[in-house]
Amino acid sequence: MAPIGRIGRYSIVGRIAVGGMAEIFLARESGPRSVARNVVVKRILPQIAEDQAHIESFVREAELYMRLRHPNICATYEFGEEAGSFFLGLEFVHGVTLRDLADRATRAGGMPLELVAKIIADVARALHYAHAQKNKSGEPLAIVHRDVTPENIMVGFDGSVKLLDFGIARFKSDQQTTTSNGTLKGKFAYMSPEQYRREPLDARSDIFSLGVCMYETLTGQSLFDRGTEFQTVAAILFEQERPSIRTLRSDVPEAIDAILASALERDRAHRCPSADVLERRLLEWLNGAGHIVRNRDVGEFTAKMFPERARAGPKLNRSDAVRESTAPKRNRSIETLAFRADFEEEEAKLARTQRRKKMAIGVVGGAVVLGVLAASAYAFSASTNRRADELSPAPSRQDSGEQPSREQPSREQPSREQSTTKN
Ligand SMILES: Nc1ncnc2c1ncn2[C@@H]1O[C@H](COP(=O)(O)OP(=O)(O)O)[C@@H](O)[C@H]1O
Ligand SMILES: [Mg+2]
């Protein structure tokens, strides 16, 4: 599809989604000789680009994302700023959100239990990786995602499961500022009780949210959404009667019901203690029940639910408004940062390669000069010999047979240069 705009060094193909604070674009990144790949560009919405708190949030997301490299977390390639607006270059996930997958699968008879267990185990693995991050001095960073929802989990048509959008995650150091502008962020029906109580959060908050995602993926119904925000919050904080999932899906075994109940414990002191434990429990269940679920199985199911999307990619908005908003700006200034920590290393590597190149050029140059000198010396001595031969005719006939073989070294000269050049 022909590009319709440009952000940074990415050609914009169309808009995938507009969220609360950013727009998501499908884009192409090209390298030399027409090598190109799909990427996603996430750009802060122009209308809130002036809002300092949102910009802070976006910059934090960039910082955070760039630390995280995990197969179940959508990768960040670049953090950039163009003409005053920030953007991220992200790995493109060719797939659908867990929300879309669960909705469609529910209409088709329900998500297979073992696939749900595998998907949730993958997200738990990603969360545990993020939760366990430490700074350079080895102190825990206490990262909490805070926004684990079915919209922020993507399932690829290759079966890869990716957690997105660390948009409102915070480091331990600024836990006090979680509500910088007075509003609780996150999606109401997925927030943990302690999030509502504005307590300092830890990894267990994300486990609660992931439990809600799992419940909803299995049942196709919302667990806490009661229509109004007030009632939803009340359900999360106070509702005593929580119907067992088995009343909605009779094929859910007790073991899964127990795993869910533990993730959804209102009191985090009694909740499943870590994402690592949650992942292990799910894998133990899969193993014990004799399920072998490969990424491919997840991918094939997802592609079966969304054949058109698997073939043609995400639905794109290519309207005039989107074209307008991504039109290349004149005199645009672009600043980007691709993994600051790696930069120094890259620069050092570049300097080393350049030094090596210079040395190689020196060696090749030297070899060429030597070769030329040797050849001319040889030519000079040959002509002197010839002249000497002309003067003494008797031995010349004997030597004439050797003449070609003596020329051999001077003919080899160029080939020796070539091989030096290759080094
Ligand atoms: N890397 C990606 N690949 C494919 N689709 C994506 C990607 N990132 C986001 N999306 C789509 O855009 C939506 C919004 O993205 P998200 O990062 O969650 O933004 P927001 O901060 O607005 O919630 C997602 O629910 C998903 O449908
Ligand atoms: Mg999101």
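Mentor: This is a predicted model. Let us begin with two helices: L115, K118 and I119 in α3 meet D297, V298 and F301 in α9.

Trainee: What makes these residues of α3 and α9 count as meeting?

Mentor: The criterion is a separation of C-beta atoms within 7 Å. L115, K118 and I119 in α3 meet D297, V298 and F301 in α9 in that sense. By class, this contact of α3 with α9 has 4 nonpolar, no polar and 2 charged residues.

Trainee: Why are α3 and α9 called roughly perpendicular?

Mentor: The axes of α3 (residues 113-131) and α9 (residues 295-305) come within 10 Å and cross at roughly 115°. The range for roughly perpendicular is 65 to 115 degrees. The two helices are therefore roughly perpendicular to each other. Their crossing is left-handed.

Trainee: Which strands form the open sheet, and in what order?

Mentor: The order is β7-β8-β9, and the pairing is antiparallel.

Trainee: Why do β7 and β9 stand at the edges?

Mentor: β7 (95-97) and β9 (161-163) each have a single partner strand, so one side of each is left without a neighbour in the sheet. On average, neighbouring strands of this sheet are turned by 25° against each other, direction ignored.

Trainee: What makes β2 and β3 a pair?

Mentor: The same test of at least two bridges applies. β2 and β3 have 6 bridges in the antiparallel sense, and A17 stands opposite I24 in β3. A hairpin of 3 residues joins β2 to β3. β3 and β4 pair over 9 bridges, also in the antiparallel sense, and the bridge partner of S30 in β4 is A36. In the hairpin of β3 and β4, with 5 residues between the strands, R33 takes a positive phi near 55°.

Trainee: How many residues surround ligand 1, and which are the closest?

Mentor: There are 20, and the closest are A17, G19, I24, V93 and D165. The elements that give two or more residues to this shell are β2 (10-18), β3 (22-30), β4 (36-44) and β6 (85-91). By class, the shell around ligand 1 divides into 11 nonpolar, 5 polar and 4 charged residues.

Notes: Residues are numbered from 1 along each chain as its sequence is written. Chains are lettered from A and ligands numbered from 1 in the order in which they are written. This is a predicted model: local features need pLDDT of at least 70, side-chain atom pairs count only at pLDDT 80 or more; totals for chains, interfaces and linings use all residues. Axes are lines fitted to C-alpha atoms, for helices over the stretch in contact, and angles run from 0 to 180 degrees between N-to-C directions. Helices (H or I, at least four residues) and strands (E, at least two) are DSSP runs, numbered from the N terminus. Angles under 35 degrees count as roughly parallel, over 145 as roughly antiparallel, 65 to 115 as roughly perpendicular and the rest as oblique. A crossing is left-handed if the near helix is turned anticlockwise from the far one by less than a right angle, and right-handed if clockwise. Ala, Val, Leu, Ile, Met, Phe, Trp, Tyr, Cys and Pro count as nonpolar, Asp, Glu, Lys and Arg as charged, and the others, Gly among them, as polar. A residue is near a molecule or strand if its C-beta atom, placed from the backbone, lies within 6 Å of it.
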